[in-house]
Amino acid sequence: MQDSVITSQWEEENSQDFIDYGKYFVPDREIQINCVCEVIPPPSEAAYILDLCCGEGLLTRALLDKFPESHVYGLDGSPKMIAHIEKALAAYGERFKAKQFDLAASNWREFSFPVYAVVSSLAIHHLDGTEKQALFKDVASLLAPGGSFIIADLTEPMDRFGQKLAADTWDEVVRQRSLDLDGDLRGYDYFCELGWNHYAQHEIDPDSIDKPSSLFDQLKWLEQAGFTDVDVFWMKAGHAIFGGRKPNP
Ligand SMILES: C[S@@+](CC[C@H](N)C(=O)[O-])C[C@H]1O[C@@H](n2cnc3c(N)ncnc32)[C@H](O)[C@@H]1O
(Lines give C-alpha, C1' and ligand atoms only; values in the text may rest on other atoms or scores of the structure.)
Protein backbone atom coordinates (compact mmCIF):
# COMPACT_ATOMS: atom_id res chain seq x y z
CA MET A 1 0.00 0.00 0.00
CA GLN A 2 1.24 3.53 -0.87
CA ASP A 3 1.67 6.13 1.88
CA SER A 4 -0.99 8.85 1.95
CA VAL A 5 0.12 12.11 0.29
CA ILE A 6 -2.79 14.12 1.65
CA THR A 7 -1.58 17.19 3.47
CA SER A 8 -4.91 18.79 4.23
CA GLN A 9 -6.03 16.45 6.98
CA TRP A 10 -8.36 14.10 5.07
CA GLU A 11 -7.48 10.75 6.66
CA GLU A 12 -7.95 7.16 5.53
CA GLU A 13 -10.69 6.69 8.13
CA ASN A 14 -12.59 9.57 6.44
CA SER A 15 -12.27 7.64 3.16
CA GLN A 16 -13.72 4.50 4.73
CA ASP A 17 -16.58 6.47 6.33
CA PHE A 18 -17.34 8.10 2.99
CA ILE A 19 -17.25 4.81 1.08
CA ASP A 20 -19.62 3.26 3.63
CA TYR A 21 -21.91 6.22 4.34
CA GLY A 22 -21.66 8.62 1.36
CA LYS A 23 -24.96 7.28 0.06
CA TYR A 24 -26.69 8.74 3.13
CA PHE A 25 -24.56 11.88 3.64
CA VAL A 26 -24.67 13.48 0.16
CA PRO A 27 -27.87 15.42 -0.63
CA ASP A 28 -29.52 14.29 -3.88
CA ARG A 29 -26.38 12.33 -4.74
CA GLU A 30 -27.77 10.78 -7.93
CA ILE A 31 -29.23 14.13 -9.09
CA GLN A 32 -25.89 15.86 -8.45
CA ILE A 33 -23.95 13.29 -10.50
CA ASN A 34 -26.43 13.59 -13.35
CA CYS A 35 -26.33 17.40 -13.20
CA VAL A 36 -22.51 17.55 -13.50
CA CYS A 37 -22.67 15.26 -16.54
CA GLU A 38 -25.53 17.23 -18.14
CA VAL A 39 -23.80 20.62 -18.05
CA ILE A 40 -20.74 19.36 -19.94
CA PRO A 41 -21.40 19.64 -23.69
CA PRO A 42 -20.95 16.20 -25.34
CA PRO A 43 -17.52 16.15 -27.03
CA SER A 44 -17.48 15.66 -30.79
CA GLU A 45 -14.38 13.45 -30.63
CA ALA A 46 -12.23 11.57 -28.09
CA ALA A 47 -11.81 13.86 -25.08
CA TYR A 48 -9.82 13.86 -21.85
CA ILE A 49 -11.66 14.64 -18.62
CA LEU A 50 -10.12 15.03 -15.15
CA ASP A 51 -12.02 14.15 -11.97
CA LEU A 52 -10.17 15.90 -9.14
CA CYS A 53 -10.53 13.98 -5.84
CA CYS A 54 -12.54 11.25 -7.55
CA GLY A 55 -12.97 9.17 -4.38
CA GLU A 56 -14.63 5.82 -5.00
CA GLY A 57 -15.58 6.98 -8.50
CA LEU A 58 -19.35 7.32 -8.81
CA LEU A 59 -19.06 10.55 -10.82
CA THR A 60 -16.10 9.16 -12.77
CA ARG A 61 -18.16 6.14 -13.83
CA ALA A 62 -21.10 8.37 -14.84
CA LEU A 63 -18.77 10.46 -17.05
CA LEU A 64 -17.32 7.34 -18.71
CA ASP A 65 -20.85 6.10 -19.43
CA LYS A 66 -22.23 9.45 -20.61
CA PHE A 67 -19.29 10.16 -22.95
CA PRO A 68 -18.32 6.79 -24.49
CA GLU A 69 -15.43 8.28 -26.50
CA SER A 70 -13.87 9.92 -23.46
CA HIS A 71 -10.85 9.07 -21.33
CA VAL A 72 -11.24 9.99 -17.67
CA TYR A 73 -8.36 10.51 -15.25
CA GLY A 74 -9.35 10.06 -11.60
CA LEU A 75 -6.98 11.80 -9.21
CA ASP A 76 -7.16 11.38 -5.44
CA GLY A 77 -4.91 11.59 -2.38
CA SER A 78 -6.23 8.55 -0.58
CA PRO A 79 -4.63 5.15 -1.29
CA LYS A 80 -7.85 3.53 -0.06
CA MET A 81 -9.92 5.48 -2.60
CA ILE A 82 -7.43 4.79 -5.41
CA ALA A 83 -7.50 1.05 -4.66
CA HIS A 84 -11.31 1.15 -4.58
CA ILE A 85 -11.75 3.05 -7.86
CA GLU A 86 -9.13 1.01 -9.75
CA LYS A 87 -11.05 -2.15 -8.91
CA ALA A 88 -14.50 -0.63 -9.50
CA LEU A 89 -13.64 0.84 -12.93
CA ALA A 90 -11.26 -1.88 -14.21
CA ALA A 91 -13.78 -2.85 -16.90
CA TYR A 92 -13.24 0.52 -18.63
CA GLY A 93 -9.67 -0.55 -19.47
CA GLU A 94 -7.54 2.14 -21.11
CA ARG A 95 -10.36 4.69 -20.90
CA PHE A 96 -9.81 5.13 -17.16
CA LYS A 97 -6.63 5.87 -15.24
CA ALA A 98 -6.22 6.63 -11.53
CA LYS A 99 -3.35 8.56 -9.98
CA GLN A 100 -2.50 9.66 -6.47
CA PHE A 101 -2.07 13.41 -6.01
CA ASP A 102 -2.34 16.28 -3.56
CA LEU A 103 -5.03 18.70 -4.70
CA ALA A 104 -3.25 21.60 -2.98
CA ALA A 105 0.10 20.94 -4.69
CA SER A 106 0.95 22.49 -8.07
CA ASN A 107 3.04 19.59 -9.43
CA TRP A 108 0.11 17.91 -11.28
CA ARG A 109 -1.33 20.95 -13.06
CA GLU A 110 0.18 20.45 -16.53
CA PHE A 111 -0.92 17.89 -19.11
CA SER A 112 0.58 16.88 -22.44
CA PHE A 113 -2.90 16.48 -24.00
CA PRO A 114 -5.85 18.92 -24.35
CA VAL A 115 -8.15 18.64 -21.34
CA TYR A 116 -11.81 18.90 -22.37
CA ALA A 117 -13.35 19.18 -18.90
CA VAL A 118 -12.33 19.26 -15.24
CA VAL A 119 -14.82 18.22 -12.57
CA SER A 120 -14.57 17.92 -8.83
CA SER A 121 -17.16 16.79 -6.32
CA LEU A 122 -17.10 17.44 -2.57
CA ALA A 123 -13.38 18.15 -2.29
CA ILE A 124 -12.34 21.69 -3.20
CA HIS A 125 -13.76 22.89 0.14
CA HIS A 126 -10.70 21.25 1.74
CA LEU A 127 -8.62 24.11 0.26
CA ASP A 128 -8.65 27.58 1.79
CA GLY A 129 -9.71 30.64 -0.21
CA THR A 130 -6.21 31.47 -1.48
CA GLU A 131 -5.63 27.87 -2.57
CA LYS A 132 -9.00 27.79 -4.34
CA GLN A 133 -8.16 30.95 -6.28
CA ALA A 134 -4.81 29.47 -7.36
CA LEU A 135 -6.53 26.22 -8.39
CA PHE A 136 -9.16 28.07 -10.46
CA LYS A 137 -6.40 29.96 -12.34
CA ASP A 138 -4.40 26.79 -12.96
CA VAL A 139 -7.48 24.90 -14.19
CA ALA A 140 -8.20 27.80 -16.57
CA SER A 141 -4.63 27.41 -17.91
CA LEU A 142 -4.67 23.64 -18.30
CA LEU A 143 -8.11 23.41 -20.00
CA ALA A 144 -8.41 23.42 -23.77
CA PRO A 145 -10.29 26.44 -25.23
CA GLY A 146 -14.03 25.92 -24.77
CA GLY A 147 -13.39 23.46 -21.91
CA SER A 148 -15.65 23.21 -18.87
CA PHE A 149 -14.79 23.41 -15.18
CA ILE A 150 -17.68 22.06 -13.05
CA ILE A 151 -17.55 21.97 -9.27
CA ALA A 152 -19.98 20.23 -6.91
CA ASP A 153 -19.20 21.26 -3.37
CA LEU A 154 -20.11 22.64 0.04
CA THR A 155 -20.37 26.44 0.09
CA GLU A 156 -20.24 28.78 3.07
CA PRO A 157 -23.48 30.68 3.82
CA MET A 158 -23.16 34.46 4.11
CA ASP A 159 -24.77 34.75 7.57
CA ARG A 160 -26.10 32.72 10.50
CA PHE A 161 -29.58 32.50 9.00
CA GLY A 162 -28.22 30.85 5.87
CA GLN A 163 -26.02 28.64 8.04
CA LYS A 164 -28.97 27.45 10.14
CA LEU A 165 -31.04 26.78 7.04
CA ALA A 166 -28.17 24.76 5.49
CA ALA A 167 -27.63 22.84 8.77
CA ASP A 168 -31.32 22.00 9.22
CA THR A 169 -31.88 21.10 5.56
CA TRP A 170 -28.79 18.84 5.43
CA ASP A 171 -29.90 17.10 8.62
CA GLU A 172 -33.36 16.49 7.22
CA VAL A 173 -32.03 15.30 3.85
CA VAL A 174 -29.78 12.71 5.53
CA ARG A 175 -32.57 11.60 7.86
CA GLN A 176 -34.84 11.06 4.87
CA ARG A 177 -32.15 9.27 2.81
CA SER A 178 -31.55 6.88 5.72
CA LEU A 179 -35.25 6.10 5.93
CA ASP A 180 -35.64 5.78 2.15
CA LEU A 181 -32.60 3.52 1.73
CA ASP A 182 -32.86 1.30 4.80
CA GLY A 183 -36.13 2.05 6.55
CA ASP A 184 -34.21 3.07 9.69
CA LEU A 185 -32.04 5.92 11.00
CA ARG A 186 -28.66 4.17 11.29
CA GLY A 187 -27.13 6.26 8.46
CA TYR A 188 -28.45 9.48 9.99
CA ASP A 189 -27.32 8.51 13.50
CA TYR A 190 -23.76 7.94 12.23
CA PHE A 191 -23.86 11.32 10.41
CA CYS A 192 -24.68 12.94 13.76
CA GLU A 193 -22.11 10.85 15.68
CA LEU A 194 -19.33 11.92 13.28
CA GLY A 195 -20.42 15.58 13.38
CA TRP A 196 -20.32 15.48 9.55
CA ASN A 197 -22.77 18.42 9.22
CA HIS A 198 -20.32 21.31 8.83
CA TYR A 199 -23.13 23.88 9.11
CA ALA A 200 -24.23 22.59 12.52
CA GLN A 201 -20.96 23.81 14.09
CA HIS A 202 -21.58 26.84 16.27
CA GLU A 203 -18.09 28.26 15.85
CA ILE A 204 -15.67 28.02 12.95
CA ASP A 205 -12.85 25.64 13.91
CA PRO A 206 -9.62 26.98 12.34
CA ASP A 207 -8.22 23.41 12.24
CA SER A 208 -11.29 21.96 10.56
CA ILE A 209 -10.79 19.78 7.51
CA ASP A 210 -13.67 21.73 5.88
CA LYS A 211 -12.95 25.26 4.60
CA PRO A 212 -15.84 26.08 2.27
CA SER A 213 -15.92 29.55 0.73
CA SER A 214 -19.08 31.45 -0.13
CA LEU A 215 -20.67 30.67 -3.47
CA PHE A 216 -20.55 34.37 -4.35
CA ASP A 217 -16.75 34.52 -3.78
CA GLN A 218 -16.17 31.36 -5.80
CA LEU A 219 -18.21 32.65 -8.75
CA LYS A 220 -16.14 35.85 -8.68
CA TRP A 221 -12.90 33.85 -8.49
CA LEU A 222 -13.96 31.78 -11.50
CA GLU A 223 -14.60 34.94 -13.48
CA GLN A 224 -11.31 36.47 -12.31
CA ALA A 225 -9.53 33.27 -13.42
CA GLY A 226 -10.85 33.91 -16.94
CA PHE A 227 -13.91 31.64 -17.09
CA THR A 228 -17.04 32.77 -18.96
CA ASP A 229 -20.64 31.54 -18.72
CA VAL A 230 -20.10 31.23 -14.96
CA ASP A 231 -23.30 29.84 -13.51
CA VAL A 232 -24.95 27.87 -10.69
CA PHE A 233 -26.73 24.74 -11.87
CA TRP A 234 -28.12 23.24 -8.63
CA MET A 235 -28.18 24.03 -4.92
CA LYS A 236 -29.48 22.38 -1.73
CA ALA A 237 -28.51 22.23 1.93
CA GLY A 238 -25.44 24.43 1.44
CA HIS A 239 -24.19 22.24 -1.41
CA ALA A 240 -23.96 23.74 -4.91
CA ILE A 241 -22.97 22.81 -8.43
CA PHE A 242 -21.37 25.67 -10.32
CA GLY A 243 -18.69 26.37 -12.88
CA GLY A 244 -17.75 28.03 -16.14
CA ARG A 245 -16.10 27.58 -19.52
CA LYS A 246 -12.73 28.62 -20.83
CA PRO A 247 -13.41 31.06 -23.67
CA ASN A 248 -12.52 30.11 -27.21
CA PRO A 249 -9.87 32.46 -28.65
C1 LIG B 1 -16.00 13.58 0.30
S2 LIG B 1 -14.92 12.67 -0.70
C3 LIG B 1 -15.62 12.93 -2.32
C4 LIG B 1 -15.26 11.84 -3.28
C5 LIG B 1 -15.93 11.94 -4.66
N6 LIG B 1 -15.46 13.09 -5.41
C7 LIG B 1 -17.43 11.96 -4.55
O8 LIG B 1 -18.05 13.01 -4.75
O9 LIG B 1 -18.00 10.89 -4.25
C10 LIG B 1 -13.48 13.71 -0.73
C11 LIG B 1 -12.33 13.13 -1.53
O12 LIG B 1 -11.30 14.10 -1.60
C13 LIG B 1 -10.06 13.47 -1.38
N14 LIG B 1 -9.14 14.50 -0.85
C15 LIG B 1 -9.35 15.31 0.21
N16 LIG B 1 -8.32 16.18 0.35
C17 LIG B 1 -7.45 15.90 -0.66
C18 LIG B 1 -6.20 16.44 -1.07
N19 LIG B 1 -5.64 17.47 -0.43
N20 LIG B 1 -5.59 15.91 -2.15
C21 LIG B 1 -6.14 14.88 -2.80
N22 LIG B 1 -7.32 14.31 -2.48
C23 LIG B 1 -7.96 14.82 -1.40
C24 LIG B 1 -10.34 12.35 -0.43
O25 LIG B 1 -9.37 11.32 -0.49
C26 LIG B 1 -11.70 11.89 -0.90
O27 LIG B 1 -11.61 10.88 -1.86
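This is a predicted model: local features need pLDDT of at least 70, side-chain atom pairs count only at pLDDT 80 or more; totals for chains, interfaces and linings use all residues.
Residues are numbered from 1 along each chain as its sequence is written.

The protein chain is assigned domain 1 (12–157 + 203–245) and domain 2 (160–200); such bounds come from an automatic or database domain assignment. A distance of 23 Å separates the C-alpha centres of domain 1 and domain 2. Across the boundary, 13 residues of domain 1 are in contact with 18 residues of domain 2 (contact: C-beta atoms, placed from the backbone, within 7 Å). H1 provides the largest share of the side of domain 1 that touches domain 2, with five residues. Helices are DSSP runs of H or I with at least four residues, numbered from the N terminus. That side of domain 1 comprises eight nonpolar, one polar and four charged residues. In this classification, Ala, Val, Leu, Ile, Met, Phe, Trp, Tyr, Cys and Pro count as nonpolar, Asp, Glu, Lys and Arg as charged, and the others, Gly among them, as polar.

The ligand is surrounded by 23 residues, of which Cys 53, Gly 55, Gly 77, Ser 78 and Ser 121 are the closest (a residue is near a molecule if its C-beta atom, placed from the backbone, lies within 6 Å of it). At least two residues of this shell come from each of helix H1 (12–25) and helix H3 (58–66). The largest share, three residues, is that of H1. Sorted by class, the shell holds 13 nonpolar, eight polar and two charged residues.

H1 also packs against helix H4 (residues 79–88): their axes come within 8 Å and cross at roughly 40°. Axes are lines fitted to C-alpha atoms, for helices over the stretch in contact, and angles run from 0 to 180 degrees between N-to-C directions. H1 is therefore oblique to H4, given that angles under 35 degrees count as roughly parallel, over 145 as roughly antiparallel, 65 to 115 as roughly perpendicular and the rest as oblique. In this pair, Glu 12, Ser 15, Gln 16 and Ile 19 of H1 meet Lys 80, Met 81 and His 84 of H4. The contact has two nonpolar, three polar and two charged residues.

The crossing of H2 past H3 is right-handed, meaning that the near helix is turned clockwise from the far one by less than a right angle. From H2, Ile 33, Val 36 and Cys 37 meet Leu 58, Leu 59, Ala 62, Leu 63 and Lys 66 in H3. This contact has seven nonpolar residues, no polar residues and one charged residue.

Helix H5 (residues 129–142) packs with helix H8 (residues 215–224) at an angle of about 35°, and their axes are 9 Å apart. H5 likewise passes H8 in a right-handed crossing. Gly 129, Lys 132, Gln 133 and Phe 136 of H5 meet Asp 217, Gln 218, Trp 221 and Leu 222 of H8. Three nonpolar, three polar and two charged residues form the contact.

Conventions
Two residues are in contact if their C-beta atoms, placed from the backbone, lie within 7 Å.
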